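Thanks for making the time this morning.

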Amino acid sequence: MATVTRIQRVVGTAIPLRGNDIDTDRIIPARYLKEPTFARMGDYPFFDERFDAQGKPKPHPFNDPKYCGGSVLFVNKNFGCGSSREHAPQALYRFGIRAIVGESFAAIFAGNCVVMGLPTVTVHERDIAELMRLVESNPQAKFTLDLAARTLACGTGEIVPVELPDSTRTALLEGSWDSTTMLHANLGKVKSRAATLPYMTGFKA
Amino acid sequence: MATSSGRTLYDKVWEFHTVDILPTGQTQLFIGLHLIHEITTAPAFDMLRERGLKVAYPERTFATVDHIVPTDMRTRPFLDSQAEELTRLLENNTRQFGIDFYGVDSDRQGIVHVIGPQLGLTQPGMTLACGDSHTSTHGAFGTLAFGIGTSQVRDVLATQTLAIDKLKVRRINVNGKLAGGVYAKDVILSIIRKLGVAGGKGFAYEYGGAVVDNMNMEERMTVCNMSIEGGALVGYVNPDETTFDYLKGRPFVPQGKGFDRAVAYWKSVTSDQGARYGDVVDLNGAEIEPTVTWGINPGQAVGISEKLPDLSGHSDAAGLKRAYEHMGWQPGAPALGLPINVAFIGSCTNSRISDLRAAARVAKGKKVNPAVRAIVVPGSAEVKKQAEQEGLDKIFTEAGFEWRSAGCSMCLAMNPDKLKGREICASSSNRNFIGRQGSPEGRTILMSPAMVAAAALNGKIVDVREYL
């Protein structure tokens with residue numbers, strides 16, 4: 001069974017990625033979903049925005065040496081919209097991203113991140129603008145996301161409040177984000193509930 | 001249960017399916033039907049094996065191949081070795097875990113969101129999950145249907161449940177009557193345009209009003225299908241006589257007295273008169289005209305008589321600028337007359353028999369513009385068979401469309417059906433994202449199947465109302 005990993009804080013440098021409505025097709029083009037495992041997804045995030053048809057790198061924050069090693073991703077509104085492909089957060093995680101801080105996230109993407117143990121937290125529009133400016137001018141700035149305190153501390157000493165759903169926060173802090181064990185422990189209750197549903201019993205009188 | 005009033009279908013079905021409140025505060029929700037396909041499941045089955053878990057309810061799990069299958073050459077092994085490998089993995093996994101599988105040779109094969117309803121697997125008052133964001137389609141039946149990722153597929157396989165938070169419900173009334181030549185696709189594109197691609201975050205969308213009441217089930221599926229494009233994880237319509245008539249006699253629907261008892265249950269889950277909603281939005285159906293997208297998300301849409309929007313004063317001017325850069329259009333240009341190179345009729349949004357009939361009506365006796373590559377991809381083997389019985393395939397092929405076998409095809413271009421270079425596609429699918437149709441520079445204009453047919457004939461965007 002999976003071991004319990006509590007995620008309380010993420011510390012690292014950041015990568016700024018500007019733009020609203022960045023969809024999961026952009027995060028990982030569909031052709032990479034043809035691989036049978038997630039193992040190589042870390043090679044592909046934003047592939048078509050980072051490389052031209054000949055494989056030559058294009059300007060992109062994920063290609064920029066000054067952000068190399070960044071583990072906190074800064075994004076704008078509705079990040080991860082579109083396809084439910086978990087390959088998208090898997091690609092970001094395997095590239096080295098350990099937390100995503102943005103104005104808002106699409107529902108399925110955020111759900112996928114929780115189950116993987118990848119925190120997505122929201123901050124005010126004004127704060128993300130400031131954070132992006134900060135990291136662009138000082139790429140070596142370190143950030144500490146503290147889920148217990150609901151804060152993001154910047155290298156400059158500034159502290160920004162972050163939000164995330166209580167259930168997500170609890171799951172990450174207590175290490176129950178990998179939900180299978182928790183759900184499986186209730187299998188008796190699942191069977192009881194199923195037995196009350198008319199369609200599960202063939203609509204017998 | 002009849003004693004409490006003011007509740008929505010969402011509230012009722014949620015309560016019936018609640019197994020427990022988890023230590024995290026999330027609900028453990030029972031999932032009545034799990035549909036799986038070849039793309040998002042292989043790692044989930046690997047995780048089950050690693051943890052020594054079984055599939056909890058294999059009899060409530062159904063599998064097909066749709067995303068990656070070729071729609072022309074169907075002989076095995078597939079020419080694309082990756083497609084062959086993923087198909088084999090699904091065949092092996094379903095065999096090992098005792099799950100029904102409808103492969104390319106099955107007359108039940110098709111896009112998951114087409115075959116679930118067609119087989120009567122999808123039913124009102126049920127919860128449903130599938131590793132695909134367009135699972136909201138099944139909400140057309142009054143089903144709470146969730147699009148999920150691979151780790152959640154693992155959870156549903158292992159426990160037939162999800163750990164999930166409850167949403168608020170937004171009621172969307174589409175009032176009045178649609179004009180001729182205006183379709184369900186135009187309705188949902190108009191809703192997304194009005195509320196935004198992120199507007200549905202935190203909400204389930206309940207669609208109603210006279211326009212929705214008068215829609216057939218396939219039209220309701222088109223509307224619910226694109227809920228996720230408006231940011232809503234779930235979209236649904238309350239079941240009614242139209243729903244029950246559709247379901248009667250389908251393979252997985254009970255018959256005789258069982259059907260009567262099913263209908264009684266289905267009626268009991270509909271939203272109460274005076275149900276309380278988190279939000280209510282009204283649209284006038286009479287004001288909707290044939291609608292097309294011009295940009296890089298489904299909310300960037302205009303009516304066919306409109307001009308493309310200005311950047312100035314727009315709340316996301318940078319986003320619009322990016323869209324114009326990709327598409328190569330200018331603000332203020334008319335939507336009418338935008339050029340196209342490719343026409344695609346298909347996808348879980350618009351590949352059902354009524355969609356093909358609407359497109360065939362436009363194409364009948366006409367010719368596809370010689371500069372346009374046009375394909376029709378029915379949503380399932382059964383839709384294909386039905387269309388052929390009606391002679392629709394002949395209408396399409398005589399007009400110059402290619403007639404294919406069922407699959408997701410050029411909606412997401414995981415099979416050989418792709419755009420090349422900067423081609424522009426008039427598409428009946430659901431996403432105009434950059435690169436979506438298989439070329440990083442490719443461009444997509446979303447519209448109804450009838451509008452795609454009309455565009456194919458003309459090599460440019462036209463008003464379908466002139467072709468009916």
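Let me begin with a question: which residues point one way from strand S3 (residues 33–36) of chain B, and which the other way? B:Leu33 and B:Leu35 point one way, B:His34 and B:Ile36 point the other way, and all are buried, where buried means under 20% relative accessible area, exposed over 50% and partly exposed in between, with a 1.4 Å probe and protein chains only. In a regular strand the side chains alternate between the two faces of the sheet.

Before I go on, a word on the basis of all this: this is a predicted model, in which local features need pLDDT of at least 70 and side-chain atom pairs count only at pLDDT 80 or more, while totals for chains, interfaces and linings use all residues. Residues are numbered from 1 along each chain as its sequence is written, chains are lettered from A and ligands numbered from 1 in the order in which they are written, and side-chain values use heavy atoms, with hydrogens and water left out. The helices (H or I, at least four residues) and strands (E, at least two) are DSSP runs, numbered from the N terminus.

Staying with S3(B), three bridges join this strand to strand S6 (residues 127–130) of chain B, and the two run parallel; two strands pair if DSSP finds at least two bridges between them. Here B:Leu33 has B:Leu128 as its bridge partner in S6(B). S3(B) is also joined by three bridges to strand S4 (residues 61–64) of chain B, again running parallel, and there B:His34 has B:Thr61 as its partner in S4(B).

Chain B also has an open sheet of four strands in the order S11-S10-S9-S12, with parallel pairing. Strand S11 (234–237) and strand S12 (279–284) stand at the edges, each with a single partner strand, so one side of each is left without a neighbour in the sheet. On average, neighbouring strands are turned by 20° against each other, direction ignored. Strand S10 (residues 203–208) of chain B is joined to S11(B) by four bridges, and B:Tyr205 has B:Gly235 as its bridge partner in S11(B).

In the loop between strand S9 (168–175) and helix H6 (184–195) of chain B we find B:Val182. Is B:Val182 buried or exposed? At 8% relative accessibility, B:Val182 counts as buried. Not counting residues up to four places away in sequence, B:Val182 touches B:Ile288, B:Glu289 and B:Pro290, contact meaning heavy atoms within 4.5 Å.

Now for helix packing. Two packed helices are described by the angle between their axes and the distance between the axes. Helix H12 (residues 353–363) and helix H15 (residues 449–458) of chain B have axes that come within 8 Å and cross at roughly 30°; axes are lines fitted to C-alpha atoms, for helices over the stretch in contact, and angles run from 0 to 180 degrees between N-to-C directions. That makes H12(B) roughly parallel to H15(B), since angles under 35 degrees count as roughly parallel, over 145 as roughly antiparallel, 65 to 115 as roughly perpendicular and the rest as oblique. From H12(B), B:Asp355, B:Ala358, B:Ala359, B:Val362 and B:Ala363 meet B:Pro449, B:Ala450, B:Ala453, B:Ala454 and B:Leu457 of H15(B).

Helix H2 (residues 42–51) and helix H3 (residues 81–97) of chain B pack at an angle of about 40°, with their axes 10 Å apart, which makes H2(B) oblique to H3(B).

Lastly, chain A: A:Thr170, in helix H6 (residues 166–174) of chain A, is buried, with a relative accessible area of 18%. Leaving aside neighbours within four places in sequence, A:Thr170 is in contact with A:Gly175, A:Ser176, B:Pro23 and B:Thr24.
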